[in-house]
Amino acid sequence: MLQLQAIRENTPAIAKALSKRNIDAQPLLDKVLQLDEERRATQTRLDAVLAESNALSKEIGMLYKSGETEEANRLKTQTAQIKEDSKTLGETLSDTSRALEEALYLIPNTPHESVPKGSGSEDNEEVFREGEIPVLGKDALPHWELAKKYDIIDFELGVKITGAGFPVYKGKGARLQRALISYFLDRNTGAGYQELQVPHLVNEASGYGTGQLPDKEGQMYQLKEDALYLIPTAEVPVTNLFRDILMEKKDFPLRYTAYTPCFRREAGSYGAHVRGLNRLHQFDKVEIVRVEHPQQSYQALEGMVEHVKTLLRELKLPYRILRLCGGDMGFTAALTYDFEVYSTAQERWLEISSVSNFETYQANRLKLRFRDEHKKTQLAHTLNGSALALPRVLAGILENYQTSKGILIPEVLVPYTGFDLID
RNA sequence: GGAGGAAUGGCAGAGUGGUCGAAUGCGGCAGUCUUGAAAACUGUUGAGGGUCACACCUCCGGGGGUUCGAAUCCCUCUUCCUCCGCCA
């Protein structure tokens, strides 16, 4: 969440930045400011009452020690009113604090200055494009047809055992998937990201830490008997490793990578756009996460973008990079670059990575701080990106690498698959 | 699943009702010594709220209670450890 102090000191600047998201944040900011004032006023009054109570208790203690029991007992009679006052003020304080926190949760992150204003995907800005789009024959098939033709992904089988959006990968399809995971992890660790294996279920506190809760509760699968959620991305468990941490400046940077399955309810959309691998309820993803000093975070973001570029370059997939506009950017991000692979048979771009800087937005919820050179505690910056999300990369490979003989395997993956053709 | 024990500052670890926000050690920071570094020695060092700055307030796993007063007593939840049982 945004820092209260920043809202207090720079209200107009924050409202202006938020307007890029195509929302009018002024009413929310006003509410926060009002609750903040109320909270502090109550706190001041409560503090005064507590100070009086503490002084009185101390005095009673000393009187008992010196044997002046009578006087002590007399003072005790004065405490009743104080207790009552502190109780009611304490209740008001916790109510106000909770309301303030809830109001803060409703305000999204302020977009970085480079983020274009806009309401949806049509306002995103293409900043980079690379790779050749292959020319396919007239008989070129979309990936779901190819999957069926070569019997490597079975969507109906997934429907049978679970439901729509839970495909079963078979034979060379399964092997190719595993190859991609290994390849991505190897490339990421080679670039300095430490490999982690993390839980696929997280508790409520973790959901709040990275911002999935409270606003996106409906997008996560939730367990019935335990207060746990299936992770929608490795970002949640990995970033929450650093919840309630006070770092030293020398600990920067922290760089991690993790492969996990991701679970998303994604209710709503139907039709060709969600066909095949385009949108799933369960999919595999290799994620990279960084925790950075505020002064380094944008440099780190560029580094992550460059790294993801090399992956796509090596896979020889045509892709482009978009700088998301305010309206299309996630709730918690300050700046996001989306990577899209061109799916030749479908003739459309598919998002395969999203690389974001959250600045202090997550860190504030996480209480992820570090001690700066003046020994003051400051919030760190968190970043993450997909490197990469598997299903659409797979879709891109299947469609772009299809030939009359079968589907070729990108050269860099052959050592991982052990075969160079799916036929 | 049964029986016990424990949770304290960045870390380790004392503290069983009244100047305890908390000894001590490590770590961090500053200094002395040194050409420099290490070692040694000296000093300093929890977080949050609040204030121009003080004052003041909160925090000893979470929540609740007893008391004029709780790190310390009671209840409850969570987590960890030891022993027994079961099991991949």
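Good morning. I begin with Asp123, which is found in the loop that runs between helix 5 (79-105) and strand 1 (125-130). Please bear in mind that this is a predicted model.

Is Asp123 buried, partly exposed or exposed? Its relative accessibility is 31%, and Asp123 therefore counts as partly exposed.

Strand 1 pairs with strand 10 in the antiparallel sense, over five bridges. Within that pairing, Glu125 has Arg323 of strand 10 as its bridge partner.

Strand 10 covers residues 319-323. It also pairs with strand 11, residues 335-343, again in the antiparallel sense and over five bridges. Here Leu322 stands opposite Asp338 of strand 11.

How many residues of strand 10 are buried? The count is five of its five residues, and the strand is mostly covered. Both of its faces are covered. On one side we find Tyr319, Ile321 and Arg323, on the other Arg320 and Leu322, and all of them are buried.

Finally, I turn to helix 13, residues 390-400. Why is this helix described as largely enclosed by the rest of the structure? The reason is that ten of its eleven residues are buried. Among them are Leu390, Pro391, Val393 and Leu394. The buried residues of helix 13 also include Glu399 and Asn400.

Thank you for your attention.

Technical notes: Residues are numbered from 1 along each chain as its sequence is written. Chains are lettered from A and ligands numbered from 1 in the order in which they are written. This is a predicted model: local features need pLDDT of at least 70, side-chain atom pairs count only at pLDDT 80 or more; totals for chains, interfaces and linings use all residues. Side-chain values use heavy atoms; hydrogens and water are left out. Helices (H or I, at least four residues) and strands (E, at least two) are DSSP runs, numbered from the N terminus. Buried means under 20% relative accessible area, exposed over 50%, partly exposed in between (1.4 Å probe, protein chains only). Two strands pair if DSSP finds at least two bridges between them.
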